[in-house]
Amino acid sequence: MMMSMEGVEGIFFDISPCEPVVRKLLTSMFALCTFASNTASAQWWCGASRIMAVWTGRIGANMAGVQDEIEVFSDEETGKDRQFVNALARGLEILRCFRPGEVYLPNTELSKRTGLPKPTISRLTHTLTKLGYLDFSPELGKYQLGSGVLALGYSLLSGMDIRKLARPGMQELAEYSQCNVALGIRDRLSMVYVESCRGSAAVTLRRDVGSRIPLANTSMGRALMCGLPQGERDFLMDHIRLRNEEQWPAIKAGLEQSFKDYQDYGFCLSAGDWEKNISAVGVPLLDTDGQKMMAFNCGGPSFLVTREMLMDDLGPRLAKLVRNLEVSMGRR
């Protein structure tokens, strides 16, 4: 039987007729299927005669705010910077319009998301298609990202030595905690995963390389801000405030608590601050060149990963992982 409530969708099965061994198998299978989905988060319960899986947050819920990061570059605003190529900036913003799970977009939707006139969009998408960054489907009359985008992304990832250096420790922590352990970098007001490891348990979060999460209220984003110089931190906080004026008091309080936690413990938390059913801990790290600030996180479903686990166990372990990496890079 399908169930649906505000912000919640799920499936209920009566397994009372099943033999105990079948119930156990169904429980494991349902847990695996639940967390293999691309939903924001999920939970499952099993009783003596029933099993239920509930998804909290529909697909795409975590994309809220992604469109807010699409910039509209007007000639008037950029005219003071003689080195700034407005047409190039507009073309690159078109590539940002594609969200996870969206394969094709028409020019009309690209125009809506960028705020650019449709004739301008048509010229830009034609050029990006010629260059291999977009592919056009004549049958659908829509565009999808091309192989040129993938090539650029791979070039970025392959040049990150820290990924190879960090992965063994990340996988070890993921297996120990049965949580997701990830490494990310900042892109505007978001964090993007560049490496991700998870444990072998059926019940875990599944976020892969390329996943995008907010900067302001996730453990990874907060950790990155903890590691920044004060001037850069203040600059980002100003932009976060401008983008989230109504939520700013709560966001500011969370950030300030994270700064304090990092000073006191060497890590910071986000326990339900971004998604109410996700808890995680974060630690910052300068990359191997000492130029770019990055951050790690370790987290999972809140009903499995408690605040006490983050403070007493996973936080110290993640901080130790980062210290070991700093030793490997010759910084300690």
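Me: What makes β11 and β12 a pair of strands?
Reply: Strand β11 (residues 278-286) and strand β12 (residues 293-301) share nine bridges in the antiparallel sense. Two strands pair if DSSP finds at least two bridges between them, so nine passes. One spot to look at is Val-281, which stands opposite Cys-298 in β12. The names come from DSSP runs numbered from the N terminus (strands are E, at least two residues; helices are H or I, at least four).

Me: What kind of model is this?
Reply: This is a predicted model, where local features need pLDDT of at least 70 and side-chain atom pairs count only at pLDDT 80 or more, while totals for chains, interfaces and linings use all residues. Residues are numbered from 1 along each chain as its sequence is written, and side-chain values use heavy atoms, with hydrogens and water left out.

Me: How do you know that β10 pairs with β11?
Reply: Four bridges join the two, and the strands run antiparallel. Ser-270 has Ala-280 in β11 as its bridge partner. β10 and β11 also form a hairpin with six residues between them, and Gly-272 in that turn has a positive phi of about 80°.

Me: Why are β9 and β10 called edge strands?
Reply: The open sheet has six strands in the order β9-β8-β7-β12-β11-β10, paired antiparallel. β9 (212-214) and β10 (268-271) each have a single partner strand, so one side of each lacks a neighbour in the sheet. From one strand to the next, the twist averages 35°.

Me: How is α7 placed relative to the strands?
Reply: α7 lies across β7 (180-187), β8 (190-198), β11 and β12, and runs at about 65° to β8.

Me: What angle do α7 and α11 make, and what is that called?
Reply: Helix α7 (residues 161-177) packs on helix α11 (residues 307-328) at about 160°, with the axes 10 Å apart. Axes here are lines fitted to C-alpha atoms, for helices over the stretch in contact, and angles run from 0 to 180 degrees between N-to-C directions.

Me: What makes up the contact of α7 with α11?
Reply: Contact means heavy atoms within 4.5 Å. The α7 side includes Ile-162, Leu-165 and Met-170, and the α11 side includes Asp-313, Arg-317 and Leu-321. By class, there are 10 nonpolar, three polar and two charged residues.

Me: Why are α4 and α5 described as they are, and at what angle do they pack?
Reply: Helix α4 (residues 107-114) and helix α5 (residues 118-130) pack at about 110°, with axes 9 Å apart. They are therefore roughly perpendicular to each other. Asn-107, Thr-108, Leu-110, Ser-111 and Thr-114 in α4 meet Lys-118, Ile-121, Ser-122 and Thr-125 in α5. That contact has two nonpolar, six polar and one charged residues.

Me: How confident is the predictor in this protein?
Reply: pLDDT is the predictor's confidence in each residue, from 0 to 100. The protein averages 81, and 74% of the residues score at least 70. Over residues 1-19 the pLDDT is below 50, yet that stretch has 48 contacts in the model beyond near neighbours in sequence. Residues 21-67 are also below 50, with 110 such contacts. Where pLDDT is low, the predicted coordinates should not be read in detail.

Conventions. Ala, Val, Leu, Ile, Met, Phe, Trp, Tyr, Cys and Pro count as nonpolar, Asp, Glu, Lys and Arg as charged, and the others, Gly among them, as polar. Angles under 35 degrees count as roughly parallel, over 145 as roughly antiparallel, 65 to 115 as roughly perpendicular and the rest as oblique.
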